[in-house]
Amino acid sequence: MAAMELTADAFRAVMSRFVTGVCVVTVCDEDGRPRGLTVNAFTSVSLQPPTVLVSLAHASETHPVVVRRGMFAVNILAADQHDHARKLATKDPDKFHHVGWSQGPHGVPLLHDALAHLVCRTQQRVTVADHDLLIATVVDASVNPGSPLIFYDRRFWALQDLSNIS
Ligand SMILES: Cc1cc2nc3c(=O)[nH]c(=O)nc-3n(C[C@H](O)[C@H](O)[C@H](O)COP(=O)(O)O)c2cc1C
């Protein structure tokens, strides 16, 4: 079978069928200011040692700070944090203005009321096309009660009910 010529729009349409949660990758810059961006290219890689992967675009202004600092946090957002997800997906220099956060272990910013926090130390950086995959060890983590923010069909969703089909 001939390889299909996949346009960017067609690829986006395919990926829009894949459900993900929504995270914010955060880091403090050298002046102690929080930096961060909304991310859904996040996955767990290994349990021992606990290892995760995030994919950051070269165009991200947070990306070089994450690379320089070597430590970052992944904040898994709760359903009622969709405004944070929208705001932190912009380039607004003041985007943390209405976002509550505190410094966590290793000085990384942890967003208040996130569903979970992972404090990560970068182990490997792999450049793929216009992104870097950061493979990182989880050195600290916490979970909070609540329900996740969902990204599907290019929109944010909340789970209304969970039907267990297993
Ligand atoms: C739901 C959603 C998921 C996103 N996932 C990613 C991602 O995985 N990696 C990435 O680099 N950008 C992702 N973005 C885009 C960034 O959040 C956006 O480009 C942001 O403005 C970058 O901010 P910065 O330049 O301040 O780092 C996503 C945006 C949204 C709304």
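1. The hairpin of β9 and β10 has 2 residues between its strands, and Ala 129 there takes a positive phi near 50 degrees. Strands are DSSP runs of E, at least two residues long, numbered from the N terminus. The model is predicted: local features need pLDDT of at least 70, side-chain atom pairs count only at pLDDT 80 or more, and totals for chains, interfaces and linings use all residues. Residue numbers start from 1 along each chain as its sequence is written.

2. β9 and β10 (residues 131–143) run antiparallel, joined by 12 bridges. Val 119 has Asp 140 in β10 as its bridge partner. Pairing of two strands requires at least two bridges found by DSSP.

3. β9 (residues 116–128) also pairs with β6, antiparallel, over 6 bridges. Here Ile 76 stands opposite Ala 116 of β9. β6 (residues 71–76) pairs with β2 (residues 23–28) in the antiparallel sense over 4 bridges. Val 24 has Asn 75 in β6 as its bridge partner.

4. These pairs belong to an open, antiparallel sheet of 7 strands, ordered β3-β2-β6-β9-β10-β5-β4. Its edge strands, β3 (34–39) and β4 (42–46), each pair on one side only. Neighbouring strands are turned by 35 degrees against each other on average, direction ignored. Axes are lines fitted to C-alpha atoms, with angles from 0 to 180 degrees between N-to-C directions.

5. The ligand has 16 residues around it; Ala 41, Ala 57, Ser 60, Glu 61 and Thr 62 come nearest. A residue counts as near if its C-beta atom, placed from the backbone, lies within 6 Å. β3 and β5 (51–57) are the elements giving two or more residues to this shell.
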